[in-house]
Amino acid sequence: MRRLLVLFIVVLTPLAAFAQFRMRPEMRSSTVEYDSHFAFTRIRYGGGGFGFGGAAWAHDYPTADRNLGSILDYITNMRVRMDGTNVLSLDDPRIFENPILYVCEPGFWRIQESEAKNLRAHLLKGGFILFDDFEGSHWINLEQQMRQVLPELQWVQIDVTHPIFQSFFELKVIDVPHPSVDVTPRYMALFENNDVNGRMLALANHNNDLGEYWEWSAEGLYSEDPTNNAYRLGVNYIVYAMTH
């Protein structure tokens, strides 16, 4: 465990260079041309949630996206795009080139009928969607939006024994504390055919904000243990989704 901790500290130090990419999120969105390499893909959506950090979908963007990609490239055998990330709407056909989608602040997310149809096709074809950075009653909105996508599926709470938490790092503890709100994290998932032993289509980090840790890791805003564990969770999610 100490060796892993040292590894993360060493890797995070050069990530300070990525601070130069932090900018007003409403002023920038990006895509990279598909070349079979993994590219972090964030979903842009309409709705509320404007405030510090810009639009809700863009909180922690682009630094969190780049930092997690850098960690994946450094410690796994994945081929990762290091020259940029994707920001796409769910109506964009390019989502089918990217098996893993990330949605920030889903408490403010509003999905259109055409987007729901596209996302459903993406997930049933083998895709995976990760929801992060939301707390409390914002869960209600996520349920409502996903009911338009996969009305036949029910959310299930999973714990550390699920394979997603053992896919790269063998985690003993998964309750990474929320960086700014006193809530208890929980991990909710949707499974194909409602079979908890089957393929996971969606995972929600309810009462947590892993992206916040990813964004500020180079600056040392938060202590080492939760920051490292937030990266361990992110790496496990991506590795699991890419291999199932």
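This is a predicted model: local features need pLDDT of at least 70, side-chain atom pairs count only at pLDDT 80 or more; totals for chains, interfaces and linings use all residues.
Let me begin at Asn207, a residue that lies in the loop between β7 and α5, the helix of residues 210–216. Is Asn207 buried or exposed? With a relative accessibility of 11%, Asn207 counts as buried, since the cut-off for that word is under 20%. Leaving aside residues up to four places away in sequence, Asn207 touches Phe134, Glu135, Gly136, His178, Val183, Thr184 and Pro185. Two of its side-chain contacts can be given with distances: the side chain of Asn207 reaches the backbone nitrogen of Gly136 at 2.9 Å, and a polar atom of that side chain lies 3.0 Å from the backbone oxygen of Thr184. If you want another landmark, take Pro179, which is 28 residues from Asn207 along the chain, with 10.0 Å separating the two C-alpha atoms.

From there, please follow me to the strands. Strand β6, which covers residues 186–191, has five of its six residues buried, so β6 is largely enclosed by the rest of the structure. Which strands does β6 pair with? Strand β5, residues 156–158, pairs with β6 in the antiparallel sense over three bridges, and here Val156 has Ala189 of β6 as its bridge partner. Strand β7, residues 200–206, is joined to β6 by six bridges, and these two strands also run antiparallel; in this case the bridge partner of Met188 is Ala204 in β7. As a reminder for anyone reading strands on the screen, side chains in a regular strand alternate between the two faces of the sheet.

Asn194 counts as partly exposed, at 36% relative accessibility. A second residue of this kind is Glu105, which is not a glycine and yet has a positive phi of about 50 degrees. Glu105 has its place in the loop between β3 and α3, and with a relative accessible area of 10% Glu105 is buried.

Now to helix α4, where Trp139, Asn141, Leu142, Gln145 and Met146 are buried. Why can we say that these residues are on the same side of α4? They cover an arc of only 160 degrees around the axis, and that puts them on the same side of the helix. As for what covers the buried residues of α4, the list includes α3 (residues 113–124), β4, β6 and β7.

Trp139 brings us to the aromatic residues, because it belongs, together with Trp109, Phe131, Phe134 and Trp155, to one aromatic cluster. The structure as a whole holds eleven aromatic pairs. One of them is formed by Phe131 and Trp155, in an edge-to-face arrangement, at 6.5 Å centre to centre and with 65 degrees between the planes. Phe131 lies in strand β4, residues 128–134, whereas Trp155 lies in the loop between α4 and β5, so this pair ties together parts that are 24 residues apart in sequence. Phe131 is buried, with a relative accessible area of 0%, and Trp155 is buried as well, at 14%.

Asn98 lies in the loop between β2, residues 86–88, and β3, residues 100–104, and at 7% relative accessibility Asn98 counts as buried. Its side chain makes a polar contact with the side chain of Asn86, at 3.0 Å. Beyond residues up to four places away in sequence, the residues that Asn98 touches are Ala39, Thr41, Asn86, Leu88 and His122. In the loop between β1, residues 41–43, and α2, residues 63–75, we find Pro62. The peptide bond leading from Tyr61 to Pro62 is cis, with omega near 0 degrees.

How values were computed: Residues are numbered from 1 along each chain as its sequence is written. Side-chain values use heavy atoms; hydrogens and water are left out. Buried means under 20% relative accessible area, exposed over 50%, partly exposed in between (1.4 Å probe, protein chains only). Helices (H or I, at least four residues) and strands (E, at least two) are DSSP runs, numbered from the N terminus. Two strands pair if DSSP finds at least two bridges between them. A polar contact is a pair of N or O atoms within 3.5 Å; within protein, one must be able to donate a hydrogen and the other to accept it, and residues adjacent in sequence count only if both atoms are side-chain atoms. Contact means heavy atoms within 4.5 Å. Rings of Phe, Tyr and Trp (its six-membered ring) pair if their centres lie within 6.5 Å; planes under 30 degrees apart count as stacked, over 60 as edge-to-face and the rest as tilted. The arc is that of the directions from the helix axis to the C-beta atoms.
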